[in-house]
Amino acid sequence: MNPLTPYPALIMRLAVGGVFLNHGIDKFQNGIGPTANFLAGLGFPMATVFAVILITVETIGAVCVLLGILTRAEAQPRQVAEPPEVILVVGVNGTGKTTSIGKLAHALRAQGKSVLLCAADTFRAAAIEQLEIWATRTGVELIKTKPGGDPAAVLYDALEAARSRRADYVIVDTAGRLHTKSNLMAELDKMRRTAGRLVPGAPHETLLVMDATTGQNGLQQARQFTQSAGVTGIILAKLDGTAKGGVVVAISQELGLPVRYVGVGEQPGDLLPFDAGEFVESLFA
Ligand SMILES: Nc1nc2c(ncn2[C@@H]2O[C@H](COP(=O)(O)OP(=O)(O)OP(=O)(O)O)[C@@H](O)[C@H]2O)c(=O)[nH]1
Ligand SMILES: [Mg+2]
């Protein structure tokens, strides 16, 4: 039990965490002694001074643990021997899948890569048009079918097209689905098998798009999607709002899943590579 009451202790922890992250561990450790002397000089009882030191050490420990978990979350994707690299994008309804795909296509195009989008959300009205707008906006080709068509069939067409055009990447949009609906989760498995038959090792990445406002339910989502759809990484969308997306810490810790990107808006340039240091800093901000 901490010597200070919970709220001052929490505020102190956050402040200490912020200073630590902003100025680095060396400066911070060097600052402990003078700070203790300063507090004692002001006439604070030694108990308070010790409490400050205790909280400081505790906070450094907590920050290091968080960074440890999330640095693993910065892990790079595996190299793909031969293009196309197939990226399947999955998640529950409305998390930001289609928007993230548009932004990812923009980022890959900026790196000079050729990208083909696959509109395998044939379920939601206007989903195909939404992806089409992103394809036009980012200057990439889209492979689609009619609404209500078989997602695995359009994926097959997209992979054939990508192979014949020698595209570097195929990014596959899928319909939002509740992780508790086993028939919809099975559909993802069928798509994965179709991809693997056409392109060796595909899908090379299966990215779960999580809304940063999701609470503990996010862990359950991640568990189910990992089990049924072989998720290999997370895109944490909508981090530009008030939510901090702390649920990815639990996800990274339990499932060892890396966070690949964060979404910070609705414009093409609003997808950033995940940075564990910045993320932990924002948790303390
Ligand atoms: N502010 C903000 N809004 C976002 C971000 N990503 C997506 N959105 C918005 O969130 C809403 C849902 O985004 P979509 O990309 O359609 O989500 P989806 O997961 O494809 O949705 P379904 O296909 O219906 O399951 C849209 O209004 C997007 O503009 C983000 O990083 N920041
Ligand atoms: Mg969508």
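**Two oblique helix pairs**

Mentor: In this predicted model, α8 and α9 are oblique to each other.

Trainee: Why are α8 and α9 called oblique?

Mentor: The axes of α8 and helix α9 (residues 247-255) cross at roughly 40 degrees and come within 9 Å, and because angles under 35 degrees are roughly parallel, 65 to 115 roughly perpendicular and over 145 roughly antiparallel, with the rest oblique, α8 and α9 are oblique. Axes are lines fitted to C-alpha atoms, for helices over the stretch in contact, with angles from 0 to 180 degrees between N-to-C directions.

Trainee: Which residues make the contact of α8 and α9?

Mentor: Gly218, Leu219, Ala222, Arg223 and Thr226 of α8 meet Val247, Ala250, Ile251, Glu254 and Leu255 of α9, where contact requires C-beta atoms, placed from the backbone, within 7 Å.

Trainee: What makes α7 oblique to α8?

Mentor: Helix α7 (residues 182-198) packs against helix α8 (residues 217-229) at about 40 degrees, their axes being 9 Å apart, and that angle makes α7 oblique to α8. In this pair, Met185, Leu188, Asp189 and Arg192 of α7 meet Gln224, Ser228 and Ala229 of α8.

Trainee: How do you know what counts as a helix?

Mentor: Helices are DSSP runs of H or I with at least four residues, numbered from the N terminus.

Mentor: Residues are numbered from 1 along each chain as written, while chains are lettered from A and ligands numbered from 1 in the order written. Since the model is predicted, local features need pLDDT of at least 70 and side-chain atom pairs count only at 80 or more, whereas totals for chains, interfaces and linings use all residues.

Terms used: Contact = placed C-beta atoms within 7 Å.
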